[in-house]
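Hi,

Here is the structure I promised to pass on. Have a look, and my notes follow below.

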Amino acid sequence: MAEKLGEMLLKGGLISEQQLQEALQLQKTNGGKLGFNLIKLGFVKEEEITSLLSEQYGVPAIHLEHFDIDESVLKHVPADIAQKYLLIPIERTGATLTIAMADPSNIFALDNIRFLTGYQVEPVVASEASIRTAIERYYGGSKEMQLKDVMDELEKVADAAELEVTEEEEEISEQALAAASEDAPVVRLVNAILTDSIRKGASDIHIEPYEKDYRVRFRIDGVLYEQLRPPAKMRDGIASRLKILAKLDIAEKRLPQDGRIKTKMKIDGKTREIDYRVSTVPTLYGEKIVMRLLDKEGLKLDMTKLGFEPESLEKFERAILKPYGMCLVTGPTGSGKTNTLYSAIGRLNSPETNIMTAEDPVEFSIVGCNQVQMKEGIGLNFAAALRAFLRQDPNIILVGEIRDFETAEIGIKAALTGHLVLSTLHTNDAPSTISRLMNMGIEPFLVATSVHLIQAQRLIRRICKECKEEVSLPAKAMLDLGFNEEDMEGLKIYKGRGCPTCNGTGCKGRIGLMEVMEMTDALREMVLMGANALELKRQAIQDGMITLRRSGLIKIKAGLVPVEEVLRETVI
């Protein structure tokens, strides 16, 4: 790269061949970049070097002396990292951090800044001399700084949390363990990824291999954010390390595998137990690994905090407190169905009640409940578990998911013979669940008599409380969204501006949109008559059902969620 810059300078007639050789000689003696040494020798001006670097790297050039960098921006990048890579943060706008660099082509530096800060990084070029001056000015003297490897920086994140894998690893061969443990950077990086996911409130970790790339993404509040691009050569080491921790077969790379990592983390002096549900899938360029975080502290068992409107919560509680019948919770993957069912179980759990659950997988252990993990490989599926449960004198049965006719039929028969059955389905809204059951082969009269309540739900992001501000939208847009003239009186719309608390996204945390359809006599009659989902929805709204869109509008009016989130997840 130095030679390329030298060639550009020669071509532009800015220096002579003799001056170039003199600068290269000084560079060998004192180090630093070629441009820095040329400026030091007085052969070129700083502005000329900066302009050429901008042209060379295809990024904007800036003069750092014209900037007054805010202290809050400097905190995002540690002093030793700034010195190591000769860079300095100059500005943050939303989720983007602008970094002035002497070498904007240093992808490793950019990726690690992105991982350490959680922001998207936008590089601009500045001369090495101006960056060194800025580092001394803002960080308090470069001579006192300790230059550390960026892996040590990642290790600090892991060490601060005191990660401890609580499941023993003795079943794995000693040879495999030794091979995995030898590569210290891999072990430290995996620990850093696991602990950083907790600090950032991620629900999933995606580790994805590509032909010439490797990336790590976190799902935070339902949205995936890229966090890190480790070197591609670490791909096999990271996959093997995670598979050892999850007790998977590290030699098997052709088939999907599922496992679990149990850890204890000490964060801010407080010990937390975290489970990672690990899933591997063979892709074209290696194994993609997805880890779902199961954090007991993140499990909300208080139904009043899930997002129910008061009248919807009243209907839901009324249904689950009945001695028999079926209550169904529907929605796509990641919509909080398990949380809602666990909340219902928490409400019903008592010494007088026998609660049996069939789950795939068992996400959280609940004291007082008999939880059974499904194992399809040996024939233990939902239908087989349900049959066994009926011989176990249960009061309440929770079935993780109704996937087929057999499970649906046994569940409905259990609901008709004095048991309360709770389960989930994958449907778009509450009324279409009726059609789904009948498509599975369940007779309309069985559906009408057994099902007491169907609830559809979605999870959407909340507005960040720290940067919440009022915004104006046209009245027509509000009416098109679903608000009526009565709602428009005194309506105020809010949005998050973006701040460090919410990583510049304007949203922090999530809340549920709930559509609770109680089976009234009118609805049961329509089911028996073979009414379609649209007709059932119309009748349910007449009976007082709050739709998913309406639930969203109520939360917009309360200033809890932005308009975009409701539009993204619901239809009128």
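Let's start with a helix pair: the axes of α13 (residues 310–320) and α14 (residues 337–348) come within 11 Å and cross at roughly 60°. That makes α13 oblique to α14, oblique being what is left once angles under 35 degrees (roughly parallel), over 145 (roughly antiparallel) and 65 to 115 (roughly perpendicular) are taken out. Axes here are lines fitted to C-alpha atoms, for helices over the stretch in contact, with angles from 0 to 180 degrees between N-to-C directions; helices are DSSP runs (H or I, at least four residues), numbered from the N terminus. On the α13 side, Phe316, Glu317 and Ile320 meet Thr340, Ala344, Arg347 and Leu348 of α14, contact meaning heavy atoms within 4.5 Å. Those residues divide into four nonpolar, one polar and two charged.

A word on the source: this is a predicted model, where local features need pLDDT of at least 70 and side-chain atom pairs count only at pLDDT 80 or more, while totals for chains, interfaces and linings use all residues. Residues are numbered from 1 along each chain as its sequence is written, and side-chain values use heavy atoms, leaving out hydrogens and water.

Leaving aside residues up to four places away in sequence, Met517 touches Ile434, Leu523 and Met545, among others.

Finally, Arg568 sits in helix α24 (residues 563–569). Arg568 counts as partly exposed because its relative accessibility is 45% (buried is under 20%, exposed over 50%, partly exposed in between, with a 1.4 Å probe and protein chains only).

Cheers

Conventions: Helix = DSSP H or I, 4+ residues; strand = E, 2+ residues; numbered from the N terminus. Nonpolar A, V, L, I, M, F, W, Y, C, P; charged D, E, K, R; others polar.
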